[in-house]
Amino acid sequence: MIKLNDLYFKPFISEKEIDSAVSKMVTEIANDLQDEVPVFVGILNGSFMFVSDFVKKYPKPCEVTFIKLASYEGIKSTEDIQRLIGLTQDLTGRKVVILEDIIDSGNTLEEVHRIFKNENVDELKIATLFYKPEAYKKDYKLHYVGLEIPNKFIVGYGLDYNGLGRDLPEIYQLKTTQHMTNLVLFGPPGAGKGTQAEFLKDKYNLVHISTGDVFRFNIKNETALGMLAKSYMDKGELVPDQVTIDMLNAEVEKNADANGFIFDGFPRTNAQAQALDQLMDGKDSQINAMIALEVDDEVLVKRLLERGKTSGRKDDADETIIRNRITEYYKKTAILKDYYTAQNKYFGVDGVGSISEITERLNAVIDKL
Ligand code: AMP
């Protein structure tokens, strides 16, 4: 991560990716122009690095010139674009290729077309290294595009944020700072995760996602996901990773504005833990802590059988299935303690006692984060 002026940016497009996009454009343009000697016109300031790399790779004779227009002020593409400077050469009858670093709203491009209308060029083609399709509002044809990118503010490789960042050899993307608190509530079945999550979500204003609850909701509504999950859940086995991960991602996306999440029953495998890290990374956030409720197996079996009398859950009613769920936990899930311990994020809490005693123990851990 880097800081430019007051904002943070994270790596987005590497030097290698830029290099292959430039090479691709060179090949396409050289093939189209054959033996014509084109005039490449770079739009300053942003395109200086792109034009330099482009013409170094261009395999045939060419002319290079620059014109200057200003478009970005701060991080918003402005409506009024300054006047052109620098077009002193007669381009009558020439093949001209505009080399732009980035096209987003298309305002600069409109100005370029306006200017070249009077130049009597033989052909005017537009080449842009980066293109933001979501932001583009004009109809002008873009003949060559290096890379399509989402509508995010970027710096580097000629592009700046208030003067800084043009010198960077790779592209960085604005980091949207989010101050989320994300907790993994951990422990074997029957440890009391669901009960405690109800208290914690209110106290810390977090969204509680219980993968078990989402599966049960889907089973009740007889969705395809529910039918698939049911066959595993009824035996006390884990639902396959990809199904669970996709479902979890969708639940998180439904709550885009959350202050943070309590993940209850997820992750349960290494693959799920990695997927969760990736998901958080995509939100410029992270898991702050795994808080584990530690409870003896025999206490768990007793609690679950007791719960089974009223919960209506098939997997709580039968001691064999309960013991299988606990075995699954030790076989596949308990190893996640190491995953989070390695990141100094594991906090064990005694899960035996009254509900309020345990809530207080959890609060004490969270308040210290
Ligand atoms: P729970 O309500 O957390 O005890 O989950 C009940 C059942 O749902 C589990 O025994 C699994 O079959 C399934 N399940 C819940 N969460 C997951 C997960 N993260 N990965 C795989 N299966 C899960």
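Which strand holds threonine 128? Threonine 128 lies in strand β8 (residues 123-131). Helices (H or I, at least four residues) and strands (E, at least two) are DSSP runs, numbered from the N terminus. The model is predicted: local features need pLDDT of at least 70, side-chain atom pairs count only at pLDDT 80 or more, and totals for chains, interfaces and linings use all residues. Residues are numbered from 1 along each chain as its sequence is written, and side-chain values use heavy atoms, with hydrogens and water left out.

Threonine 128 is buried, at 0% relative accessibility. Buried means under 20% relative accessible area, exposed over 50%, and partly exposed in between (1.4 Å probe, protein chains only). The threonine 128 side chain reaches the backbone nitrogen of isoleucine 103 at 3.4 Å. This is a polar contact, defined as a pair of N or O atoms within 3.5 Å; within protein, one must be able to donate a hydrogen and the other to accept it, and residues adjacent in sequence count only if both atoms are side-chain atoms. Glycine 93 is found in the loop between β6 (76-77) and β7 (95-103). Its relative accessibility is 48%, so glycine 93 counts as partly exposed. The C-alpha atoms of glycine 93 and glutamate 123 are 7.7 Å apart, although 30 residues separate the two along the chain.

The ligand sits in the largest pocket. On a 1 Å grid over the protein atoms alone, a pocket is an open set of points with protein on both sides within 12 Å along at least five of seven lines, where a 1.4 Å probe fits. A molecule sits in a pocket if more than half of its atoms lie within 2 Å of its grid points. Surrounding the ligand are 16 residues, each with a heavy atom within 4 Å of it. The closest are Thr211, Arg216, Glu237, Gly265 and Gln272. Helix α5 (residues 211-220) gives the largest share of this shell, four residues. By type, the shell holds five nonpolar, five polar and six charged residues. Here Ala, Val, Leu, Ile, Met, Phe, Trp, Tyr, Cys and Pro count as nonpolar, Asp, Glu, Lys and Arg as charged, and the others, Gly among them, as polar.

A polar backbone atom of valine 239 is 3.0 Å from a ligand nitrogen. A polar side-chain atom of arginine 313 lies 3.3 Å from a ligand oxygen. For arginine 325, a side-chain N or O atom is 3.4 Å from an oxygen of the ligand. The protein covers 96% of the 480 Å² of accessible area that the ligand has on its own. Accessible areas come from the Shrake-Rupley method with a 1.4 Å probe.

Backbone geometry was also examined. Most residues other than glycine have a negative phi, and most peptide bonds are trans. The bond from leucine 44 to asparagine 45 is cis, with omega near 0°. Asparagine 45 belongs to the loop between β3 (39-44) and α2 (48-57). A cis bond also joins phenylalanine 266 and proline 267, with omega about 0°. Proline 267 lies in the loop between β14 (260-264) and α8 (270-282).

Positive phi values occur at glutamine 34, near 50°, and at asparagine 162, near 45°. Glutamine 34 lies in the loop between α1 (15-33) and β3. Its relative accessible area is 46%, so glutamine 34 is partly exposed. Asparagine 162 lies in the loop between β10 (154-155) and β11 (171-174). Asparagine 162 is likewise partly exposed, at 45% relative accessibility.

How values were computed: On a 1 Å grid over the protein atoms alone, a cavity is a set of points where a 1.4 Å probe fits but cannot get out, and a pocket is an open set with protein on both sides within 12 Å along at least five of seven lines; lining residues have an atom within 4 Å of a point.
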